[in-house]
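User: Hi! I am new to protein structures and would like to learn how to read one. Could you take me through it feature by feature?

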Amino acid sequence: MKKNKNYVDLKDQPVPEGQHLLEVDDLKMYFHTEDGVVRAVDGVSYTLDRGETLGVVGESGSGKSVTAMTIMGLISMPPGKIEGGDVRYRGRSILHMTEEEMQHIRGNDIAMIFQDPMTSLNPVYKIGKQVGEGLRLHRGYSKQEALKRATELLDLVGIPEPEKRVNEYPHQFSGGMRQRVMIAMALACDPDILIADEPTTALDVTIQAQIIELMQEMQEKNGNAIIMITHDLGVVADMADKIMVMYAGRPVEFGTAEEIFYESRHPYTWGLIRSIPEQAIDEKKPLTPIHGNPPSLMNLPEGCVFSPRCPYATDKCRKQRPERVVTESGHYSACHYSGDPEFLKNAPETSRTRKDSKKGGEA
Ligand SMILES: Nc1ncnc2c1ncn2[C@@H]1O[C@H](COP(=O)(O)OP(=O)(O)OP(=O)(O)O)[C@@H](O)[C@H]1O
Ligand SMILES: [Mg+2]
């Protein structure tokens, strides 16, 4: 494959011994607005290796998109400001790289499918040009080569008549087709890490499944890592290796998918598990929504940020911010009672039943 001769791709560099492909380490990014400080990313930590999928789950406004955009260097500073922590990609800190350095990384090493396709597709350029742009920029493709590859990519993501469609404009595509264009764009340069921000929310269920399958096929072929952002724990149940649950700008729980579904330790995660519709049907149990609303990130409650909505909250929770309780495997939970076996008996029945039925199914 052609490459820009002046630049060594970071994705071709080895991951240093003992490190991970991506390490997000206590990342903090706040917005300083006229009304006050918005703590949008407040101590996010996780690691990701090649071939792995991380699910990032949480309600609207919990900081999922802003965390991804901070990693990609796409937050305007000001009003944004990095308040602490680090992001290491293949052992290199990318948090304070220059815009020029980040331009080499974006799209090439780390690519993102944005939540709203229309904000990232330019209405005045033809689809073929936009899909091929990364190849021109990062790989030194000629116009014709880029257009040819863009046509192949549209075909790959299941867009009919790609030869014709490359010459059309974004407004001529339906929502689902635009989403596929975004995926084609993100996959163009074989990124090492693909960040997909709610890539299927606007789509109907069959297309959702196709798109997830497509991303998984690409991952099997290329060995890339995926960060899948969603408000729906059900979406990542089958595809994620690791899951980070976010609440009010902070990770409240992080672990392997098994740990999150079957050994969850945080009441907020329990609430999310109880509100997966599919499970409610399986178990013939009513859907239990989490009561109340997330707090304003400008005005966080004292103590545990989830305490106003937590059915188990005590005085300690309302006064004292919980530290993370980390197990040997790296599973962490930010709840005062995460280490208390009696407390953990409150975990949803459904998750335990599900574990049993899954084991039974595999036997
Ligand atoms: N430029 C900005 N200035 C101030 N606050 C901002 C800015 N951009 C985002 N925010 C705030 O950051 C918080 C996190 O937003 P974010 O978009 O990451 O949420 P999300 O988890 O992706 O939600 P959704 O599920 O709705 O996509 C929100 O409270 C949002 O209002
Ligand atoms: Mg979002």
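Analyst: Happy to. Let's begin with a term: a cavity is a set of grid points where a 1.4 Å probe fits but cannot get out. Keep in mind throughout that this is a predicted model.

User: What is the volume of the largest cavity here, and which residues lie closest to its centre?

Analyst: The general idea comes first. Rolling a probe the size of a water molecule over the atoms shows where empty space is left. In this model, the volume of the largest cavity is about 90 Å³. Its lining consists of 14 residues, and those closest to the centre are Pro 267, Cys 304, Cys 310, Cys 317 and Cys 335. Sorted by class, the lining has 12 nonpolar and 2 polar residues, with no charged ones. Counting cavities of 30 Å³ or more gives 4.

User: And pockets? How much space lies in the largest pocket, and which element gives the largest share of its lining?

Analyst: A pocket, unlike a cavity, is an open set of points. The largest pocket holds about 620 Å³ of space. It is lined by 24 residues, and Gly 107, Gln 130, Glu 133, Gly 134 and Met 185 are the closest to its centre. Three elements, β6 (110–113), α4 (127–139) and α7, each give two or more residues to this lining. The largest share is that of α4, with 7 residues. By class, the lining divides into 14 nonpolar, 7 polar and 3 charged residues.

User: How does the lining of the second largest pocket divide by class?

Analyst: There you find 6 nonpolar, 1 polar and 7 charged residues. This pocket has about 330 Å³ of space. Among its 14 lining residues, Asp 42, Arg 250, Arg 321, Pro 322 and Arg 324 lie nearest the centre. At least two lining residues come from each of β1 (22–33), β2 and β10 (250–256), and β10 gives the most, with 3 residues.

User: Now strands. In what order do the 4 strands of the open sheet stand, and which strands are at its edges?

Analyst: Strands of a sheet pair through backbone hydrogen bonds, either parallel or antiparallel. Here the order is β2-β1-β4-β5, and the pairing is antiparallel. The edges are taken by β2 (36–48) and β5 (92–93); each has a single partner strand, so one side of each is left without a neighbour in the sheet. For a look at one pair, take β4 (residues 80–89) and β5, which are joined over 2 bridges in the antiparallel sense. Find Arg 88 and you will see Ser 93 of β5 standing opposite.

User: Where do Arg 149 and Glu 152 lie, and are they buried or partly exposed?

Analyst: Both are in helix α5 (residues 143–156), 3 residues apart, about one turn of the helix. Arg 149 is partly exposed at 24% relative accessible area, and Glu 152 is partly exposed at 36%. Another salt bridge, of 2.5 Å, joins Glu 99 and Arg 106. In that pair, Glu 99 is partly exposed at 43%, while Arg 106 counts as buried because its relative accessibility is 15% and the cut-off for buried is under 20%.

User: Which residues of helix α1 are buried?

Analyst: In α1 (residues 64–71), the buried residues are Lys 64, Thr 67, Ala 68, Thr 70 and Ile 71. Looking down the axis of α1, you find them within an arc of 160 degrees, so they line one face of the helix. After α1 comes Gly 73, with a positive phi near 70 degrees.

User: Is Pro 289 buried or exposed?

Analyst: Pro 289 is exposed, at 52% relative accessible area. You can find Pro 289 in the loop between α12 (277–282) and α13 (315–319).

Key:
Residues numbered from 1 in each chain as written. Chains lettered and ligands numbered in written order. Predicted model: local features only at pLDDT ≥ 70, side-chain atom pairs only at ≥ 80, totals over all residues. Heavy atoms only, no water. Buried < 20%, exposed > 50% of the residue type's maximum accessible area, 1.4 Å probe, protein only. Arc of directions from axis to C-beta. 1 Å grid on protein atoms, 1.4 Å probe; cavity = no way out; pocket = protein on both sides within 12 Å on 5 of 7 lines; lining within 4 Å. Points joined across faces, edges and corners; volume = space filled by probe spheres on them. Nonpolar A, V, L, I, M, F, W, Y, C, P; charged D, E, K, R; others polar. Pairing = 2+ DSSP bridges. Salt bridge = Lys/Arg side-chain N within 4 Å of Asp/Glu carboxyl O.
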